[in-house]
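Here is a friendly tour of one protein chain, heading by heading. Please keep the model open beside the text as you read.

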Amino acid sequence: MKITDLLTKETIVLNMTASSKSEAIDELIKKMDEADKLHDKEAFKAAIEAREQQSTTGIGEGIAIPHAKTSAVKEPAIVFGRSRNGLDYESLDGQPSRLFFMIAASEGANNTHLETLSRLSSYLMDNKFRTRLENASSENEVIQAINEKEAEEEIEETSTDDGSGKIVAVTACPTGIAHTYMAADKLKATAKEMNIQIKVQTNGSSGVKNRLTENDIAEADAVIVAADTKVDMSPFNGKHVIEVPVAKAIHEPQELLKKAQNKEADIYHSSEKSSEGTNKKKQKTGFYKHLMNGVSHMLPFVVGGGILIAISFFFGINAADPSSDEYNRFAEMLMTIGGANAFYLLVPVLAGFIAYSIADRPGFAPGMIGGLIAITSGVEGAGNGSGFLGGLIAGFLAGYLTLGIKRMLDGLPAFLDGMKTVLFYPVLAIFGTGMIMLLINPSLTSIYNGLLSWLESLSGANIALVGIIIGGMMAVDMGGPINKAAYTFGLATLESGNYEFIAAAMAGGMVPPLAMALATTLFKNKFTEQERETGKTAYALGAFFITEGAIPFAAADPARVIPSMVAGSAIAGALTTWFSINLTAPHGGIIVIGLVEGGVMKALLYILAIAVGSIIGAIAVGLLKKDLQKA
């Protein structure tokens, strides 16, 4: 597929009128929509903005490549826009952007168009090519420049030299469309100028290309990992590894290559990172990173299993019990899938992926075993063992114990290396984790069940205080560690049969996007046109309990937005617990309101709690923010 199959005269804007980043995005999307390339203009815009929140796509040197891969795209396409005077696109080099390539990739299509898009990204590293685009006087000249560049270009996948002084690299970005390949080509071009041999593996949307072999890695003097997403580091054990964001490979390739050539990087051992002086920072945030890895992998079990359990209650509270008069076979099957299987795996999965985050693959098995012991080997008659408390401890125990074992065995002879991963690591780590968990889990179970009993005994103002805390925490970082800690607490009580605190967590999580959506409707003079459009999307995101829908507003004005959202969410959480709302589903927002125990009246009270919190949050934002004309 040629680039001009995706970029046509109908998707070229030679003289953009936009003067800001938000206006540029709107102008390019409008052109895309006019060319009939989109199913849903607003959904595509939301995907573009979500990518911008991860990191700006203004890569510098006058170029911006906003891009998204989403089902909102009807047909893969590229829109080219040019701003004669340039505009502030929050580029990495702080300079105005003049050339814009908005890339729309569709989900479910073959990989041909993704390879074409990556090829275009590579061409933009050529100064002469960019100059031709800047000076083009018509759409035809743009098309001609691209066709001629494509005809003359031959992308070299590997070096053909003898391998002496060789460097290998991996590039990857969250979407794997543009930055992945631009970084790869910049490294290859710079290495050629410096007479350095290099092979670069790209982890893109269309899969891994130019994969590094064991021999490539063994011959390399050093490894560069330029990535903004997870990369399997296990093949690089024992090598000098430099870890940097993908943008650094685009803008500082010479510096990276010099450091790699001089081996100015720590030797990588298991989960030890050498990210150029950021070790201290990673150590400070490591706990949250490991916890979030466990929680994020656990969530599909929570959502899928929890909603199936809740649906089974539609047939009667005891419909899954064969001995009950309410018994229903379908309800029993739902409860078996959701409760006896999906929910049963929550704690082991949480522990397993916490340990995996700490110690890579060798930590996963002992983490799973530790989590399983946490829920099965407690105190007789104490229900689900030490639950989430035991799972958290098991995950961190297994992870750091495995790390210690790996370091302890570093000194073994080289001929035993193959035995480590298949024999020594699993046996020693599972044994150590299992023995410790068996010894401490009875005590953890007593603590866990004592805490749950105390929470269940709360009433009136006391339980409302817990609701305030849970609801407020859901809005502090809107999907971050504090949010997830509150949500995990709600899940822990849900699993034990207490449904009040998960109701407070869901209410607190729904308020921020709903409140910001309402604020953009009530106080239009305090928000830009783009923010008002984002507010429309936030209504839907909030309704379905996607707290992250408020992040664009919080990122733009954290001092005013976050306190307002915390206040609204805290009030919603307090009202939910004050009304004694019990919700049997852990996720879903509006679609599970009908699962509130107590019938229609309780469901209406739950909606009232969420509405009051949202209104208060919206009013607080409206009072704190200044009019645009005065700001």
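## Salt bridges

A salt bridge here is a side-chain nitrogen of Lys or Arg within 4 Å of a carboxyl oxygen of Asp or Glu. With that rule, a search of the whole structure, which is a predicted model, turns up 14 salt bridges. One of them pairs Asp232 with Arg361, with 3.5 Å between the closest N and O atoms. This pair links distant parts of the chain, 129 residues apart: Asp232 sits in the loop between strand 10 (222-227) and strand 11 (240-244), while Arg361 belongs to helix 13 (residues 361-376). Asp232 is partly exposed because its relative accessibility is 42%, whereas Arg361, with a relative accessible area of 55%, is exposed.

Other bridges stay inside one helix. Lys259 and Glu255 form a salt bridge whose closest N and O atoms are 3.3 Å apart; the two are four residues apart in helix 9, so about one helical turn separates them. Lys259, at 22% relative accessibility, counts as partly exposed, and Glu255, at 32%, also counts as partly exposed. In helix 11 (residues 329-342), Glu332 and Arg329 are three residues apart, so they too are separated by about one helical turn. Their side chains meet in a salt bridge at 3.0 Å, N to O. Glu332 has a relative accessibility of 17%, so it counts as buried. There is also a network: Lys21, Glu52 and Glu90 are joined by salt bridges that share partners.

## The chain as a whole

Stepping back, the protein chain holds 22 helices and 11 strands. Of its 631 residues, 52% are buried. Among contacts with a separation of 6 or more, 72% are between residues 24 or more positions apart. The accessible surface of the chain comes to about 27,200 Å², and carbon and sulfur atoms account for 57% of that area.

## Confidence along the chain

How confident is the predictor in what you see? The mean pLDDT of the protein chain is 81, and 86% of its residues reach 70 or more. Two stretches deserve a careful eye. Over residues 155-164 the pLDDT is below 50, and this stretch has 15 contacts in the model beyond near neighbours in sequence. Residues 271-285 also have a pLDDT below 50, with 25 contacts in the model beyond near neighbours in sequence.

## Aromatic pairs

A pair of aromatic rings is described by the distance of the centres and the angle of the planes. In this model the count comes to eight aromatic pairs. Phe80 and Phe101 make a tilted pair, 4.9 Å from centre to centre and with 40° between the planes. Phe80 is in strand 5 (residues 77-87) and Phe101 in strand 6 (residues 97-106), so the pair links distant parts of the chain, 21 residues apart. Both Phe80 and Phe101 are buried.

Phe527 and Phe553 meet in another way: their ring centres are 6.3 Å apart and their planes stand at 90°, so the pair is edge-to-face. Phe527 lies in the loop between helix 18 (500-522) and helix 19 (529-543), and Phe553 lies in helix 20 (residues 551-556), so the pair ties together parts that are 26 residues apart in sequence. Both Phe527 and Phe553 are buried. Phe353, Tyr356 and Phe364 form one aromatic cluster.

## A nonpolar patch on the surface

Which residues form a nonpolar patch on the surface? They are Met408, Met419, Val422, Leu423, Val427 and Leu428, with about 550 Å² of accessible area together. Helix 15 (residues 417-457) supplies the largest share of the patch, five residues. Leu428 is found in helix 15 and is partly exposed, with a relative accessible area of 37%.

## Positive phi in two loops

Most residues other than glycine have a negative phi. Lys263 is not a glycine, yet has a positive phi of about 55°. Lys263 is found in the loop between helix 9 (253-261) and helix 10 (279-312), and is partly exposed with a relative accessible area of 41%.

Ser580, also not a glycine, has a positive phi of about 55°. Ser580 lies in the loop between helix 21 (558-578) and helix 22 (600-624). At 34% relative accessibility, Ser580 counts as partly exposed.

Conventions: Residues numbered from 1 in each chain as written. Predicted model: local features only at pLDDT ≥ 70, side-chain atom pairs only at ≥ 80, totals over all residues. Heavy atoms only, no water. Buried < 20%, exposed > 50% of the residue type's maximum accessible area, 1.4 Å probe, protein only. Contact = heavy atoms within 4.5 Å. Areas by Shrake-Rupley, 256 points an atom, 1.4 Å probe, with all protein chains shown as cover. Patch = residues over 30% accessible without salt bridge, like charges linked within 9 Å, V, L, I, M, F, W, Y side chains within 5 Å. pLDDT = per-residue confidence, 0-100. Phe/Tyr/Trp six-rings, centres within 6.5 Å; stacked < 30°, edge-to-face > 60°.
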